[in-house]
Amino acid sequence: MLGLSELKQTRVYQEALEEGKAEGKAEGEAEATRKFALKLLRTGMNLQQIAEVTELSLEQIQALQKEIQES
């Protein structure tokens with residue numbers, strides 16, 4: 001049976017670690033984009049412009065706008 005230090009040196013462990021880091025980074029970037037879009041919405045920026053700037057779909061921007069209105 002592999003100990004922790006040996007396990008960390010395996011290809012499977014390294015690939016899983018890198019995949020986890022990539023997923024975490026993607027989630028962080030998505031949350032940052034969401035927060036940025038919310039700030040732009042609160043300033044009154046045009047929905048289409050927000051979609052273009054953030055690269056979110058117009059539907060996503062509309063959902064965020066609805067979220068603001070419901071809070």
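Helices (H or I, at least four residues) and strands (E, at least two) are DSSP runs, numbered from the N terminus. This is a predicted model, in which local features need pLDDT of at least 70, side-chain atom pairs count only at pLDDT 80 or more, and totals for chains, interfaces and linings use all residues. Residues are numbered from 1 along each chain as its sequence is written, and side-chain values use heavy atoms, with hydrogens and water left out.

**Helix α2**

Helix α2 covers residues 11-43. It has 33 residues and spans 48 Å from its first C-alpha to its last. That is close to the 48 Å expected at 1.5 Å a residue; the expected span is 1.5 Å times one less than the number of residues. After α2 comes glycine 44, with a positive phi near 95°.

Which residues of α2 are buried? They are Ala37, Leu38, Leu40 and Leu41. Buried means under 20% relative accessible area, exposed over 50%, and partly exposed in between (1.4 Å probe, protein chains only). The cover over these residues includes α3 (47-54) and α4.

Two packed helices are described by the angle between their axes and the distance between the axes. Axes are lines fitted to C-alpha atoms, for helices over the stretch in contact, and angles run from 0 to 180 degrees between N-to-C directions.

| Pair | Angle | Axis distance |
|---|---|---|
| α2 and α3 | about 155° | 10 Å |
| α2 and α4 | about 65° | 10 Å |

Angles under 35 degrees count as roughly parallel, over 145 as roughly antiparallel, 65 to 115 as roughly perpendicular and the rest as oblique. Therefore α2 and α3 are roughly antiparallel to each other. On the α2 side, their contact (heavy atoms within 4.5 Å) uses Thr33, Phe36, Ala37, Leu40 and Leu41. On the α3 side are Leu47, Ile50, Val53 and Thr54. Seven of the contact residues are nonpolar, two are polar and none is charged. Here Ala, Val, Leu, Ile, Met, Phe, Trp, Tyr, Cys and Pro count as nonpolar, Asp, Glu, Lys and Arg as charged, and the others, Gly among them, as polar.

By its angle, α2 is roughly perpendicular to α4. Arg34, Ala37, Leu38, Leu41 and Arg42 of α2 meet Ile61, Leu64, Gln65, Glu67 and Ile68 of α4. This contact has six nonpolar residues, one polar and three charged.

**Leucine 64**

Leucine 64 lies in helix α4. Is leucine 64 buried or exposed? It counts as buried because its relative accessibility is 7%. Beyond its neighbours within four places in sequence, leucine 64 contacts Arg34, Ala37, Leu38, Leu41 and Leu56. Leucine 64 and alanine 37 are 27 residues apart along the chain, and their C-alpha atoms are separated by 7.9 Å.
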